Amino acid sequence: MSHWLIAGASRGIGLEAARQLSARGERVTASARSAAGVAALKAAAPEATTLQFDVRNEAEIEAAAAQVSDPVDALIVNAGAYGPQRQSSTDMDFEGALDLLSVNTLGPLRVVQAFLPVIKRSARPRIVMMSSILGSMSLEGTFNVAYRVSKAGLNKIAQCLAADLKSEGVIVVAMHPGWVRTDMGGADATLDVRDSVAGIIRVAESLTLADTRRYLDYRGQDIPW
Ligand code: NDP
């Protein structure tokens with residue numbers, strides 16, 4: 001049994017990950033930012049230990065991290081948002097974009113830094129940063145510029161973490177979950193959340209230090225940075 005920590009698990013991919021892992025008898029600690037989110041989590045994964053923090057709030061994250069003392073084998077930093085209505089390169093809601101960067105880019109790093117002491121105590125520590133293919137510098141397309149920038153920045157953070165933590169045996173990857181039918185992905189998305197999450201878990205379980213600094217999709221296939 002491994003100890004999994006899912007950050008951002010009130011709904012969508014994070015909630016399903018907590019549900020599937022709990023159902024398999026894995027040890028799960030999972031977070032939501034609101035009381036309602038924690039309640040949803042408890043309903044879907046009654047065995048999970050719950051934490052409450054907003055990934056924009058360093059003090060809340062640190063207080064939550066202080067409640068976890070057992071080694072964490074796999075951290076999935078899943079929390080993310082899609083951003084403001086106006087986010088094209090010719091018409092940007094700058095305040096909204098700054099908030100998005102705090103959630104999608106710096107938020108995951110806040111979480112990793114706070115939980116790093118318990119992650120390092122695992123025998124095979126893995127960190128999965130939930131990115132998106134829209135963060136790829138190689139992908140054409142110009143819609144949702146703030147979201148793309150936020151995930152491209154997250155990818156750079158994943159690369160830097162992978163390099164900085166490799167000597168300590170911590171595996172870090174960026175993950176694209178596929179286009180998934182959730183509130184964010186919408187009803188037209190091609191992938192059921194159960195299939196995406198089953199793939200993410202399979203990939204996370206298989207990671208070794210040779211995989212660190214990869215940018216993978218939920219099937220384990222490489223995506224060009
Ligand atoms: P949802 O919109 O369904 O869920 C987003 C989750 O992130 C919710 O649990 C939400 O909590 C949480 N969250 C948002 N902002 C914060 C915050 N400031 N602090 C803490 N938690 C927060 O999205 P998905 O499940 O679809 O997406 C999960 C991840 O996968 C995201 O990082 C997303 O960018 C990425 N992704 C999704 C794709 C898709 O097709 N669905 C495609 C590519 C990437 P709350 O309920 O409180 O709002």
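Of the 29 residues around the ligand, G12, A79, G80, T182 and G185 come nearest; a residue counts as near a molecule or strand if its C-beta atom, placed from the backbone, lies within 6 Å of it. This is a predicted model, where local features need pLDDT of at least 70, side-chain atom pairs count only at pLDDT 80 or more, and totals for chains, interfaces and linings use all residues. Residue numbers start from 1 along each chain as its sequence is written.

**Around the ligand**
- Helix α1 (residues 12–23) gives the largest share of the shell, three residues; helices (H or I, at least four residues) and strands (E, at least two) are DSSP runs numbered from the N terminus.
- The shell holds twelve nonpolar, twelve polar and five charged residues, with Ala, Val, Leu, Ile, Met, Phe, Trp, Tyr, Cys and Pro taken as nonpolar, Asp, Glu, Lys and Arg as charged, and the others, Gly among them, as polar.

**The sheet**
- Seven strands form an open sheet with parallel pairing, in the order β3-β2-β1-β4-β7-β8-β9; two strands pair if DSSP finds at least two bridges between them.
- At the edges sit β3 (49–52) and β9 (215–217), each pairing on one side only.
- On average, neighbouring strands are turned by 20° against each other, direction ignored.
- Four bridges join β4 (residues 74–77) to β7 (residues 126–130) in the parallel sense, and V77 stands opposite M129 in β7.

**Helices on the sheet**
- Helix α4 (residues 94–120) lies across β1 (3–7), β4 and β7, at about 170° to β4; axes are lines fitted to C-alpha atoms, for helices over the stretch in contact, and angles run from 0 to 180 degrees between N-to-C directions.
- Helix α5 (residues 145–165) touches β7, β8 (171–176) and β9, and its direction makes about 160° with that of β8; contact means C-beta atoms, placed from the backbone, within 7 Å.

Technical notes:
Two residues are in contact if their C-beta atoms, placed from the backbone, lie within 7 Å.
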